[in-house]
Amino acid sequence: GLPLMGIGDLNDGMNRVGVQGKGESVWGGMLLLLVLAEFIPLCELCGDTKGALRYAKEMRGMEASSESDAWNGAWYRRAWYDDGTPMGDAGDPEAEIDVLPQAFAAILHSRVRLPGGGRPFSADRVQSAMRAAYERLFDPEASTFALLAPAFGGGSDSAHDPGYIAAYPPGIRENGGQYTHAAVWGAMGLFAADMPGEGMEVLHALSPLKTLTDTDAASRYQKEPWALCGDVLRARGRVGEGGWSLYTGSAGWYYRLLWEVFGDGENR
């Protein structure tokens, strides 16, 4: 009952997870919940009662499916492959946990109300999911928040072929590196899950201005100290090295989170 993964969602490197048109995206369902929550009032404003009722039904069904099927007991799964195998179960040798569904479950719980009342996703589960993401994906020493872990090994050693994400060496870009869009959403999720101390820790870790305090750190990062990189490596021997710099999408999300946390400076 969730959106099809197809040839990739936000993570376009997972282009073979649902290539046969059967695999589903947990994160895609969460994003759609967020979109529908914003869209239903527009339907009502335009007098589209039929559309508003349809989307309200979709919201309730998608949230119920996510809670019943996507929860693995400690955090939310990421997706299902075409053959029905889940991605994101505890103990999985690859992609055991992905920050995206954990962060969006927390963001949805804090910002959205379901039609008929109540909030999507259990508060206890949101806390558990964000705690798991923080403990398994955040490395304070390297000042990085990985997209997923463990990385895909690629080749014939993988039980499933997730797509070209596995062509990146472990710790490079989406394959277990920090993807800064998602890392900022992870920080948002921590604040939304009432974990502000951890949220601030991640905010500081993502900022070059906070982390490049000596020549060793600058030599490791290898990018402009005023630029927020779109990705940061977690590969062996290259941990903390910046990838694409001057990546304004990540910087925009970072700025938005700062604004949401601290306001305009007059209400700190």
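The legends below accompany several close-up views of this predicted model.

**View 1. Helices H1 and H2 pack side by side in a roughly antiparallel arrangement.**
Let's start with a pair of helices: H1 covers residues 26-45, and H2 covers residues 49-70. Their axes lie 9 Å apart and meet at an angle of about 155 degrees. The crossing of H1 past H2 is left-handed.

**View 2. Tryptophan 27 and phenylalanine 104 form one of the ten aromatic pairs in the structure.**
The ring centres of tryptophan 27 and phenylalanine 104 are 5.7 Å apart, and their planes stand at 85 degrees, so this pair is edge-to-face. Tryptophan 27 belongs to helix H1, while phenylalanine 104 belongs to helix H3 (residues 99-111), so the pair ties together parts of the chain 77 residues apart in sequence. Tryptophan 27 is buried, with a relative accessible area of 5%. Phenylalanine 104 also counts as buried, at 5% relative accessibility.

**View 3. Tyrosine 76 and phenylalanine 121 make an edge-to-face pair.**
Here the distance is 5.5 Å from centre to centre, with 75 degrees between the planes. Tyrosine 76 sits in the loop between helix H2 and strand E1 (79-80), and phenylalanine 121 in the loop between H3 and helix H4 (123-137). The pair thus links distant parts of the chain, 45 residues apart. Tyrosine 76 and phenylalanine 121 are both buried.

**View 4. Four aromatic residues are linked into a cluster by ring pairs.**
Look for Trp27, Phe104, Trp185 and Trp253, which make up this cluster.

**View 5. Helix H5 is largely enclosed by the rest of the structure.**
Eleven of the 13 residues of H5 are buried, which is the reason for calling this helix largely enclosed. H5 runs over residues 180-192, and at 1.5 Å a residue it should span 18 Å. The C-alpha atoms at its ends are 18 Å apart, in agreement with that expectation. After H5 comes aspartate 194, which has a positive phi, near 60 degrees.

**View 6. Arginine 173 places its charged end over the ring of tryptophan 244.**
To finish, here is a contact between a charge and a ring. The charged end of arginine 173 is 4.2 Å from the centre of the tryptophan 244 ring.

Methods:
Residues are numbered from 1 along each chain as its sequence is written. This is a predicted model: local features need pLDDT of at least 70, side-chain atom pairs count only at pLDDT 80 or more; totals for chains, interfaces and linings use all residues. Side-chain values use heavy atoms; hydrogens and water are left out. Helices (H or I, at least four residues) and strands (E, at least two) are DSSP runs, numbered from the N terminus. The expected span of a helix is 1.5 Å times one less than its number of residues. Buried means under 20% relative accessible area, exposed over 50%, partly exposed in between (1.4 Å probe, protein chains only). Rings of Phe, Tyr and Trp (its six-membered ring) pair if their centres lie within 6.5 Å; planes under 30 degrees apart count as stacked, over 60 as edge-to-face and the rest as tilted. A charge sits over a ring if NZ of Lys or CZ of Arg is within 6 Å of the ring centre and within 35 degrees of the ring normal. Axes are lines fitted to C-alpha atoms, for helices over the stretch in contact, and angles run from 0 to 180 degrees between N-to-C directions. Angles under 35 degrees count as roughly parallel, over 145 as roughly antiparallel, 65 to 115 as roughly perpendicular and the rest as oblique. A crossing is left-handed if the near helix is turned anticlockwise from the far one by less than a right angle, and right-handed if clockwise.
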